[in-house]
Amino acid sequence: MGKYLNPSTVLSLYKSETNKPYFVDKTEMLNDLIPLVEQGNNHICITRPRRFGKSIMAYMIGSFFGKGADASETFAGLKIASSEKYAKHLNRHNLIYIDFSKMPQNCKSYDQYIERITTMLKRDLIKAYPDAGIDMGDEVWDALEAVFNEYNGENFIFVFDEWDAIFHKNFITEEDKENYTGFLAGLTKGTAYVSMTYMTGILPIAKYSSSSTINNFDEYNMENTAVFSEYFGFTNAEVDELYERYLANTPEPAISRTDLKEWYDGYHTKGKESIYNPRSVVSALSRNEIGSYWTNTGKYSELSGYIAKDVDGVRSAVILLIAGESVESDVAEYAATSMHLSTADEILSAMVVYGFLNYDDGCVRIPNRELQEEFEKTVRKEPKYDLCVDWKKSLPESCRQPWVAIRILLNGCFPLYMIQNHRFCHIATKQNCREVSNWLISLQEISTIYRGKIRRELGTLIIFFIHMTEWMMVLLLN
């Protein structure tokens, strides 16, 4: 009907997803949302990393509840069709669906961005409700209140996709963020015309809901809440089913089930259920090729810049992560909303929120091989790894005499990486050997990056002997 009010485009987008060969039916989530709609004035925010199916679920919700187009044919063969409340709610509600990632052409300010949204929404309302007396100069919430009052309590379901998209634009300021969250609060908070608000994004809204501005949302994220977890990403059982389809439909399958787990598993719900990256699984099966389907964004480039600059020693943590280690971190999701990250914990926290790392029991780790390869690419770009062509020059000046290096080794100051359960454990060095320790750690980083694939394939025992061989070569060069 309109751009935002009961749009027919939402069903078109969802229908195209259901027609794809590796579509997974997640419509049972609607059974969890129907009670919220019936109660009225409920507001939820689902935060997940990118590529975890947030937009597809938003299409599904809008297609099912909204009046914009008849979705009976699309949902007839899906799980929700067996629900006793299916017919009562299918296409029976007014829907306001806004994809907040859509920007005006050549958008250079928050005012330009929000003006487009409010103008189009008011145009939709004036066209659909001519007797409400809405003027283009009215605030959006005043216009919606007028509809509610003049049209016998007419109410709406809001579906807001990518609520935080504007926060990633260079022109956004802290004042703009406050104005924007104020806009969302004005639209949803304490309003009789809202049956339910369903909102998705990457950044946690909890930072803003802690104040009175927008505290009407219940947030559900991957790490801390189990509710809705099974609907975002693929479970083991779902990947098993997809793999059977793949074997049936692919004349010469080149992917094993183990490949899918190694490359795309590694995330988990609060209830410890394993979760796969859905987009990567589908891409690999569709192309019959295992590999990295990660598409880097500006945010990844920004975070990798912190690694290159070694802010607060974060590079050392990343090196250990690439080596397969877990790294202790005090993860605070709020850090991801900051424009400037100053500590290693803040940087690692942002990486967790954006899906680059996984977090469990106080530690972060790289979830799977797909992302491990991306981290390796990032670190390989650093000029410091050119040191491997001349190890002698990279050794600290005070340690170039053979007897000095031998004495350091005999005194037990070499930062050994012992083998324990196929993982390296770092043994701290003495304070008075910090200079040589730093150099040797740098050598370890070089080995980790350039020998990483060997270690993964042949085990840590081989790489341990490689490290010892490298050390002896340095001694001989002196």
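User: In this predicted model, which residue's side chain is joined to that of arginine 369 by a polar contact of 3.0 Å?
Analyst: In this predicted model, arginine 369 is found in helix H16, which spans residues 369-380. At 15% relative accessibility, arginine 369 counts as buried, because the cut-off for that word is under 20%. A polar contact of 3.0 Å links the side chain of arginine 369 to the side chain of glutamate 262.

User: Which residues of helix H1 are buried, and within what arc do they fall when seen down the axis?
Analyst: Helix H1 covers residues 9-18, and its buried residues are Val10, Leu11, Tyr14, Glu17 and Thr18. An α-helix has 3.6 residues a turn, so residues three or four places apart point the same way. Among the elements that cover the buried residues of H1 are helix H3 (54-65), helix H4 (72-75) and strand S2 (94-99). Seen down the axis of H1, the buried residues line one face of the helix, because they fall within an arc of 120 degrees.

User: How many residues of strand S3 are buried, and which of them point one way and which the other?
Analyst: Strand S3 is mostly covered, since six of its six residues are buried. Its side chains are divided between two directions, with Ile157, Val159 and Asp161 pointing one way, while the other way is taken by Phe156, Phe158 and Phe160.

User: Which strands pair with S3 in the parallel sense?
Analyst: Strands of a sheet pair through backbone hydrogen bonds, either parallel or antiparallel. Six bridges join S3 to S2, and these two strands run parallel, with isoleucine 96 standing opposite phenylalanine 158 of S3.

User: How many residues of S4 are buried, and which strand is joined to S4 by six bridges?
Analyst: Eight of the eight residues of S4 are buried, so this strand is largely enclosed by the rest of the structure. One of its bridge pairs has isoleucine 44 facing tyrosine 198 of S4. The strand that runs parallel to S4 and is joined to it by six bridges is S1, residues 42-47.

User: Which residues have the most contacts inside the largest nonpolar core?
Analyst: The largest nonpolar core has 74 residues, and its largest share, seven residues, comes from helix H15 (residues 344-353). Leaving aside neighbours within four places in sequence, tyrosine 180 is in contact with several residues, including Phe100, Tyr110, Trp163 and Phe167. A second, separate core of 35 residues includes Ile34, Val37, Ala71 and Leu95. Inside the largest core, the residues with the most contacts are Phe156 and Tyr180.

User: Where does asparagine 152 lie, and what is its phi?
Analyst: Most residues other than glycine have a negative phi, and most peptide bonds are trans. Asparagine 152 lies in the loop between helix H7 (140-150) and strand S3 (156-161), and it is exposed, with a relative accessible area of 79%. Although asparagine 152 is not a glycine, its phi is positive, at about 55 degrees.

User: Is glutamate 162 buried, partly exposed or exposed?
Analyst: Glutamate 162 has its place in the loop between S3 and helix H8, and its phi is near 55 degrees, a positive value in a residue other than glycine. With a relative accessibility of 30%, glutamate 162 counts as partly exposed.

User: Which strands stand at the edges of the open sheet of three strands?
Analyst: The order of this open sheet is S8-S10-S9, with antiparallel pairing. Strand S10 (residues 363-365) pairs with S9 over three bridges in the antiparallel sense, and asparagine 358 stands opposite arginine 365 in S10. Each edge strand has a single partner strand, so one side of each is left without a neighbour in the sheet, and these edge strands are S8 (327-328) and S9 (358-360).

How values were computed: Residues are numbered from 1 along each chain as its sequence is written. This is a predicted model: local features need pLDDT of at least 70, side-chain atom pairs count only at pLDDT 80 or more; totals for chains, interfaces and linings use all residues. Side-chain values use heavy atoms; hydrogens and water are left out. Two strands pair if DSSP finds at least two bridges between them. Helices (H or I, at least four residues) and strands (E, at least two) are DSSP runs, numbered from the N terminus. Buried means under 20% relative accessible area, exposed over 50%, partly exposed in between (1.4 Å probe, protein chains only). The arc is that of the directions from the helix axis to the C-beta atoms. Contact means heavy atoms within 4.5 Å. A nonpolar core is a set of buried Ala, Val, Leu, Ile, Met, Phe, Trp, Tyr and Cys residues joined through side-chain atoms within 4.5 Å. A polar contact is a pair of N or O atoms within 3.5 Å; within protein, one must be able to donate a hydrogen and the other to accept it, and residues adjacent in sequence count only if both atoms are side-chain atoms.
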